[in-house]
Amino acid sequence: MNKETLKYLLNLLFLVIIATTQTSCSENPEPGFHPSKLEKITIESSNGDRLDVIGSETFTLTATGSGEDGYPIDISGKLEWSANNNNVSVDYDGKNSAVITAVKVGSTTVTVTSDDITADFVVNVWDSSAPRTEIFISDAGNYDKPPWQILRTDDEGGYIEIFTDKNLDWPQDIVVLEDQGIAIISNLNSGKITKYDLNSGDYEGVFASNIGGPTRMMIGDDDLLYVLQWHDGLVERYKQDGTFVDSFTDVEVDQSIGMAWDMDGNLYVSSYSDGNGGGYVRKFDSSGNDLGIFISSNLQGPTNIWFEGNSLIVYDYPQGKAKRFNSNGEYVDDFITGLNLPEGIDHLMNGNILVGNGGTSTIKIYSGSGTFIKDLIPSGTLDLLLPNAVIVREVNR
């Protein structure tokens, strides 16, 4: 066999191998083979789903494509962007993105279409200068293990967003410092109080640290921040710039988790006490002097406490009740029943009560007399797990 014949046979064998391989691949796709036909479009935003009409705020929506098996593919067809009303303007950039600009307050559905495949994205336009009620929700998640987050909504539940999920370590409570434009959050695991921009939710650093498991926080009549400690049990005070002032009390309340003042300035602090039936509420005078145990019975595991008139209301976490006690610390009745792991509490301007109901992962609304009205935040919303703090903020009123 001469060289030319051998060369011809080798080339013929190579072509047969290539043809066989191509046929095999088309009939039996190997792992990694994916269809090129567009089956789905997904829209992603450069900055959430809310736009502020002040300053005609904008963000960018970007469309990406995928095939039947979810594998990303390029969108080869022409993209058409549209909105179902005039609350926003849509500026298509000629590629896969559109710039959305706020025009007027309201909700808008932005739609993108290519090759008869469509996707929708709901944009909520709001006015930051308008009077409104904001509600912050601390989500303790899986207790001492993440995920943790702080949510923000309004008093109608009309929108809800993740305010922040950064630099949290078992969050417990939230305090808004309006004049500084920040919200501060207590973190039981790290012993830190962290701070965040009120508008954007951006992390702004540590407000205070080296605290023995900070839980509940409140601003007192002296404009100082009072902080409970789960581990060390003393009530600490801080200036509103984070400077430590002193230990207000010298008697420990173990696993302290709730506090409230009466009309005479006396401070009441609850002890969860492992939820094993040893829970109690201790009373201190306006100078921090110990006045002894105020409630010593009828509590399995108290968390948050607050006053309704002259009555002290105490959440019993394991029993799922809000119990009422008189000015002598005597049990009167069950103010609210049918709860499940209650902890978060605050009041709306109309006197209605917001309840963080951990067992059902909901925020409930009750009247001032304890009658159930509705769920403000239903179960499953934004993966809310354990709402251990609910804080009302009135803006521009």
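Predicted model: local features only at pLDDT ≥ 70, side-chain atom pairs only at ≥ 80, totals over all residues.
1. **Val-122 and its surroundings.** You'll find Val-122 in strand β9. Take Asp-49 out of that set and look at the spacing: 73 residues separate Asp-49 from Val-122 in sequence, yet their C-alpha atoms are 6.8 Å apart in space. Is Val-122 buried, exposed or partly exposed? Its relative accessible area is 40%, so it counts as partly exposed.

2. **The largest nonpolar core.** In soluble globular proteins, nonpolar side chains tend to be buried together. Here the largest nonpolar core has 23 residues, and the ones with the most contacts inside it are Ile-41, Leu-61, Trp-81, Ile-100, Val-112 and Val-123. Which strands supply at least two residues each? They are β1 (40–45), β3 (58–66), β7 (97–102), β8 (106–114) and β9 (117–126). The top contributor is β9, with five residues. That is the strand that also holds Val-122.

3. **The largest pocket.** How much space lies in the largest pocket? About 720 Å³. The lining takes 28 residues, and the closest to the pocket centre are Met-217, Met-218, Ile-345, Asp-346 and Ile-391. Two or more lining residues come from each of β13 (171–177), β17 (214–219), β21 (256–261), β25 (302–308), β29 and β33 (387–395). The largest share, five residues, belongs to β33.

4. **The sheet that starts with β29.** One of the pocket-lining strands, β29, also sits in an open sheet of four strands, ordered β29-β30-β31-β32 with antiparallel pairing. β29 (342–347) and β32 (372–377) are the edge strands, each pairing on one side only. Neighbouring strands are turned by 25° against each other on average, direction ignored. Between β29 and β30 (residues 353–357) there are five bridges, with the two strands running antiparallel. To see one of the pairings, look for Gly-344 with its bridge partner Gly-356 in β30.

5. **The sheet that starts with β21.** Another pocket-lining strand, β21, belongs to an open sheet of four strands in the order β21-β22-β23-β24, again with antiparallel pairing. Which strands are at the edges? β21 and β24 (290–295), and each pairs on one side only. From one strand to the next the twist averages 25°. Five bridges link β21 to β22 (residues 267–271) in the antiparallel sense, and Met-259 stands opposite Val-269 in β22.

6. **A hairpin worth a look.** Strands β15 (residues 192–197) and β16 (residues 203–208) pair antiparallel over four bridges. Ile-193 has Ala-208, in β16, as its bridge partner. Five residues sit between the strands of this hairpin, and Gly-201 takes a positive phi near 80°.

7. Most residues other than glycine have a negative phi, and most peptide bonds are trans. Asn-167, in the loop between β12 (160–164) and β13, has a positive phi near 55°. With a relative accessible area of 45%, Asn-167 is partly exposed. Asp-383 also has a positive phi, about 60°, without being a glycine. Look for Asp-383 in the loop between β32 and β33. Its relative accessible area is 62%, which means that Asp-383 is exposed, the cut-off being over 50%.

Methods:
Residues numbered from 1 in each chain as written. Heavy atoms only, no water. Pairing = 2+ DSSP bridges. Axes fitted to C-alpha atoms, helices over the stretch in contact; angles between N-to-C directions. Core = buried A, V, L, I, M, F, W, Y, C linked by side-chain atoms within 4.5 Å. Buried < 20%, exposed > 50% of the residue type's maximum accessible area, 1.4 Å probe, protein only. 1 Å grid on protein atoms, 1.4 Å probe; cavity = no way out; pocket = protein on both sides within 12 Å on 5 of 7 lines; lining within 4 Å. Points joined across faces, edges and corners; volume = space filled by probe spheres on them.
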